[in-house]
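Take a look at the model below. The report then covers the chain as a whole, its confidence, and one residue.

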Amino acid sequence: MKRLLFCTLLLLAVAGTLPAQEKISAGLPYGANVAADFNATSAARTPLVKPLAQPDVLFLPDTLAAASPAAPGAVETALSLPMEAGNPADAEPAPTPEPKPRFIYSDRDDYRFQLGLGLSFERFRSSIYSASGVGTNTSLSYFLNDWLGVEGNISTFFAPSIWNGEHIKLVNYGAGPRIAWRRPRWEPWVHGLVGGTHALPQTAGHSQNGFSLQLGGGADYRFLPRLSLRLELDYVRTRLFGQWQNNGQAAAGIVFHF
């Protein structure tokens, strides 16, 4: 009995809903959105996928904090600077390179001028008189490049022997090229000088002045940047008293570089 009553009530409820569905469907076209009215309401809508939150403040280096708003290019300049750890003021300055020595030219380091001062010895022989003299040797050289220079030279000799009551004195002078192999310590070189000679005492019927040709060479040893030791040997050919003389000369001294 109870089962029959429950089935009767269920049939009555189903029959009551059918007219309501037909009434709603009759006022809408086929395929219309039934929930369109709900979309037009003012109720808050929550998206299914929430976008990522954007940061309100963009992190910038400390350099931007000191930029003035009045300087439009301050931000671009600060962004172009490399970021370094720590305070830039604490960074150590770059080491200053040590200055190079003063003597610099051509393909090696050296001075152009050389001033040589020393003692000289010459054995002078002629048909009038012969003597061995000791004196001074002075030379000044200027190098045009690293191997070729121009030299001027003066040598004096004083002989202890006496001829006709007078001391024998000789002066040789000349100028010419100097060729050197300029190394840091040793500097071998050769030169050729053309000039004149002056002899005392004067002989009867002959001039005190004559021609002089000096060929030879030597070597310098540099023990300080501006100072060297020098040894020199030369062949000296002179013309005095109407004849030629062939003599030898040696010199030793120091050289100043500047």
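What follows moves from the overall fold to a single side chain.

## Overall layout

This is a predicted model. The chain has four helices and eight strands. Along the sequence the order is α-α-α-α-β-β-β-β-β-β-β-β.

The chain has 258 residues, and 27% of them count as buried. Among contacts in the chain with a separation of 6 or more, 54% link residues 24 or more positions apart.

## Confidence

Mean pLDDT for the chain is 77. A value of 70 or more is reached by 61% of the residues.

Residues 63-68 stay under 50 in pLDDT. For that stretch the model has eight contacts beyond four places in sequence. Where pLDDT is low, predicted coordinates should not be read in detail.

## Residue I168

I168 lies in strand β4, which covers residues 166-180. Is I168 buried or exposed? I168 is buried, because its relative accessible area is 4% and the cut-off for buried is under 20%.

Which residues does I168 touch, leaving out those up to four places away in sequence? The list is Y129, A131, F157, F158, A159, S161, W163, L200 and P201. One of these partners is F157. F157 and I168 are 11 residues apart along the chain, and their C-alpha atoms are separated by 8.3 Å.

Methods: Residues numbered from 1 in each chain as written. Predicted model: local features only at pLDDT ≥ 70, side-chain atom pairs only at ≥ 80, totals over all residues. Heavy atoms only, no water. Helix = DSSP H or I, 4+ residues; strand = E, 2+ residues; numbered from the N terminus. Buried < 20%, exposed > 50% of the residue type's maximum accessible area, 1.4 Å probe, protein only. Contact = heavy atoms within 4.5 Å. pLDDT = per-residue confidence, 0-100.
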